[in-house]
Amino acid sequence: MRIDEVAGHGKPIVSFEFFPPKTDAGFQSLFATIEELRPLQPSYVSVTYGAGGSTREKTVDLVVRIQRDIGIRAMAHLTCVGHTADQIGSVLDDLWAGGIRNVLALRGDPQVGQTTFTKTEGGFGYANELVGYVAGRHNFCIGVAGYPEGHPQCLNRSRDLEHLKQKVDAGANVIITQLFFDNADFYHFRDEARRMGIKVPIVAGIMPITNVAQIKRFVSMCGAKIPHPLLQKLESLEADPEAVYQYGIDYATQQCADLLKQGIDGLHYYTLNKSKATVDIVKRLRASGAV
Ligand SMILES: Cc1cc2nc3c(=O)[nH]c(=O)nc-3n(C[C@H](O)[C@H](O)[C@H](O)COP(=O)(O)OP(=O)(O)OC[C@H]3O[C@@H](n4cnc5c(N)ncnc54)[C@H](O)[C@@H]3O)c2cc1C
């Protein structure tokens with residue numbers, strides 16, 4: 001089933017993101033994680049696409065198994081990196097044949113060792129081109145990435161929103177955002193997007209903080225910021241992992257409760273293949289009646 005059949009219809013959706021593990025043990029542990037998350041009844045789960053297409057078979061295999069064997073609607077991420085249009089077409093055909101109806105169409109980050117993205121000959125330079133291609137290949141529900149703080153390679157937030165609009169105009173049906181910690185960034189982004197005529201659901205990307213060094217690494221990679229008071233608090237707790245965990249869960253729960261109060265279309269949790277933090281947050285939100 002398509003995600004746009006459930007997103008944007010008044011009730012906020014909830015979704016979880018996983019990455020394809022490298023080992024058999026990692027797969028077993030991921031399937032245990034999915035079982036632990038299943039009672040939360042996600043609207044869908046998504047599986048990332050590794051740098052340069054490195055997880056191509058694993059991503060396709062995993063989304064098909066999750067949807068067919070576990071019975072949870074699944075979305076496959078797909079990037080342009082290192083692929084010609086024909087190669088992407090064959091991934092799309094495999095997904096479609098496997099019953100997958102949801103694709104997150106991304107440009108992707110530069111290949112390892114490179115600082116700028118280089119278009120593969122016969123491939124795509126920007127995600128909007130990929131969106132158009134996906135739309136022409138099969139009748140997928142197409143998701144695209146949005147950046148509440150702007151994409152790090154685009155120096156102007158309005159220009160970045162124009163690029164987002166191009167993706168929607170090319171056929172995107174839903175937007176999933178990069179992680180952020182200041183809801184004001186999200187509200188500004190959402191208001192501007194709506195003002196520009198972007199009408200598709202915008203689902204907020206939520207990263208529960210469970211480890212200070214790890215979150216610093218993530219934000220430096222994706223160009224998001226940790227608000228100064230939050231950073232100070234985290235650094236003051238850093239020597240006590242349990243205190244960091246509890247504070248991170250409190251912060252994310254309050255962040256999500258505020259977003260839900262403001263009528264968000266949905267929450268997309270970056271789980272890092274672990275269930276505990278996400279389960280704790282979603283259970284607290286449900287217990288408080290926030291959702
Ligand atoms: C929810 C989510 C999931 C993700 N999953 C993955 C994943 O599975 N695998 C992975 O490798 N990466 C993933 N990423 C990261 C993503 O690949 C990077 O952020 C990448 O740098 C940009 O991808 P994009 O699809 O947003 O690109 P685009 O929308 O193409 O934008 C890339 C940059 O180019 C600019 N731009 C866009 N169109 C034009 C144009 N026509 N002319 C000039 N400039 C333009 C934009 O403003 C932006 O700065 C994910 C990101 C998010 C938010």
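User: How far is an oxygen atom of the ligand from an N or O atom in the side chain of His 151?

Analyst: The model is a predicted one, and the distance given here is computed from its atoms. A pair of N or O atoms counts as a polar contact within 3.5 Å. The pair formed by an oxygen atom of the ligand and an N or O atom in the side chain of His 151 is separated by 2.8 Å.

User: Which residues come nearest to the ligand?

Analyst: There are 24 residues around the ligand. For Asp 109, a polar side-chain atom lies 2.6 Å from an oxygen atom of the ligand, and for His 163, an N or O atom in the side chain is 2.7 Å from an oxygen atom of the ligand. Those that come nearest are Asp 109, Tyr 147, Asp 160, His 163 and Lys 167.

User: How much of the accessible area of the ligand does the protein cover?

Analyst: An N or O atom of the His 163 side chain is 2.7 Å from a ligand oxygen atom. Taken on its own, the ligand has 990 Å² of accessible area, and the part of this that the protein covers is 86%.

User: Which element gives the most residues to the shell around the ligand?

Analyst: The elements that contribute two or more residues to this shell are strand E3 (74-79), strand E4 (102-106), helix H5 (157-169) and strand E6 (174-179). With four residues, the element that gives the most is H5.

User: Are helices H1 and H2 parallel or oblique to each other?

Analyst: Helix H1 (residues 24-37) packs with helix H2 (residues 56-70) at an angle of about 40°, and their axes are 13 Å apart. Angles under 35 degrees would count as roughly parallel. Because of the angle between them, the orientation of H1 to H2 is oblique.

User: What is the handedness of the crossing of H3 and H4?

Analyst: Helix H3 (residues 85-97) and helix H4 (residues 127-137) have axes 11 Å apart and pack at an angle of about 50°. The two helices are therefore oblique to each other. The crossing of H3 and H4 is right-handed.

User: How far apart are the axes of H9 and H10?

Analyst: H9 passes H10 in a crossing that is right-handed. Helix H9 (residues 241-261) and helix H10 (residues 276-287) pack at an angle of about 45°, and the separation of their axes is 9 Å.

Note on methods. Residues are numbered from 1 along each chain as its sequence is written. This is a predicted model: local features need pLDDT of at least 70, side-chain atom pairs count only at pLDDT 80 or more; totals for chains, interfaces and linings use all residues. Side-chain values use heavy atoms; hydrogens and water are left out. A residue is near a molecule or strand if one of its heavy atoms lies within 4 Å of it. A polar contact is a pair of N or O atoms within 3.5 Å; within protein, one must be able to donate a hydrogen and the other to accept it, and residues adjacent in sequence count only if both atoms are side-chain atoms. Accessible areas come from the Shrake-Rupley method with a 1.4 Å probe; for residues, only the protein chains shown count as cover. Axes are lines fitted to C-alpha atoms, for helices over the stretch in contact, and angles run from 0 to 180 degrees between N-to-C directions. Angles under 35 degrees count as roughly parallel, over 145 as roughly antiparallel, 65 to 115 as roughly perpendicular and the rest as oblique. A crossing is left-handed if the near helix is turned anticlockwise from the far one by less than a right angle, and right-handed if clockwise.
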